[in-house]
Amino acid sequence: MEWVITVVILLVVVVFIALTVKIVPQQRVGVVERLGKFNRLLTPGINILIPIIDHVRTYHDLRIQQANVPPQTVITKDNVQVQIDTIIFYQVVGPEHATYGISDYVYGVRNISTATMRQIIGKLELDETLSGREKISTEIRIALDEATEKWGVRIERVEVIDIKPPLDIQESMDKQMKAERNKRAIVLEAEAAKQDMILRAEGDKQSKILKAEGDKEARIREAEGMRQAQELEALGRAKAIQAVAEAEKTRIELIASAGLNENILAYRSFEALTDISNGAANKIFIPASAVETLGSIGAIGEMFKAKKSV
């Protein structure tokens, strides 16, 4: 009997310890009620309770939680049924309010999300719905924040995972998208052809401009060469004339320094002509001006006779 008493005492001690000592893990809190009334929160670590008097109502996870909202069929402004699948991320920030403010805050978050979604989509047309995921998510989050503030729950993020229109509309959209892609391809092809023609025309234009510039440069250089050649030729002629003039000047100066006058020079000239005329086939033509010159030194006939007598 003693060992039975011992076992019973041990069991009582174990149960007492189990009811007295509570170990709470990190990021979790417990809501403690004393005699049915909220008393305090159990924080992470070891906590001591009074058996029978204190009772842990529930535990809350303080980490960010995820709530999947079942796909909802809603009607857009233009009477098209679409199926929307959303997911909500939330966090318990007030364990006491989350316990006593609502019976099931997860269920409440889902219901508010569904009702808000129907109101939002009812104001949008199909095209706006398909392209307005961010707008839909933002409005749902704002509506949930207003409602869950009293529940001790904070909505971190709302994501619209998928929006599915009816099958026939989806097929029409696919055809429209395909036609739009073909249109863009045709436009891009035409734009590429246009750019090609522009580039070719620009290249041809540049080629003609360069050719014209080359011809112009060639003509300019040819004209410049001709001008320089003419200048050099004129310079040569001028130098030649100058050289002849200098030689003539020197000859005259030498004749003058030798004491020869005009009469003597004329006589010497006609002596040379006489020698030339001695030939049988030689004929001498004397200009009239030369006759006047010879008049100052004697008659032409006397000169020839004197020459023959000698």
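Is arginine 34 buried, partly exposed or exposed, and what is its relative accessible area? Arginine 34 is partly exposed, at 32%, where buried means under 20% relative accessible area, exposed over 50% and partly exposed in between (1.4 Å probe, protein chains only). The model is predicted: local features need pLDDT of at least 70, side-chain atom pairs count only at pLDDT 80 or more, and totals for chains, interfaces and linings use all residues. Residues are numbered from 1 along each chain as its sequence is written, and side-chain values use heavy atoms, with hydrogens and water left out.

**Sheet**

- Three strands form an open antiparallel sheet in the order S3-S2-S5; strands are DSSP runs (E) of at least two residues, helices are runs (H or I) of at least four, and both are numbered from the N terminus.
- Strands S3 (37–42) and S5 (54–61) stand at the edges with a single partner strand each, so one side of each has no neighbour in the sheet.
- The twist from one strand to the next averages 25 degrees, with axes fitted as lines to C-alpha atoms and angles running from 0 to 180 degrees between N-to-C directions.
- Strand S2 (residues 28–34) pairs with S3 over five bridges; two strands pair if DSSP finds at least two bridges between them.
- Valine 31 stands opposite leucine 41 in S3.

**Salt bridges**

- The count is 15 salt bridges, each a side-chain nitrogen of Lys or Arg within 4 Å of a carboxyl oxygen of Asp or Glu.
- Arg34, Arg40 and Asp54 are linked in a network of salt bridges.
- Aspartate 54 meets arginine 34 at 2.6 Å, N to O; aspartate 54 is in strand S5 and arginine 34 in strand S2, 20 residues apart.
- Aspartate 54 also bridges to arginine 40, with the closest N and O atoms 3.9 Å apart; arginine 40 lies in strand S3, 14 residues from aspartate 54.
- Aspartate 54 is buried at 8% relative accessibility, and arginine 40 is partly exposed at 26%.
- In helix H6 (residues 167–258), glutamate 224 and arginine 227 are three residues apart, about one turn of the helix, and their side chains form a salt bridge of 2.2 Å, N to O.

**Histidine 60**

- Histidine 60 is in strand S5 and is buried at 5% relative accessibility.

**Helix H1**

- Phenylalanine 16 is found in helix H1 and is partly exposed, with a relative accessible area of 49%.
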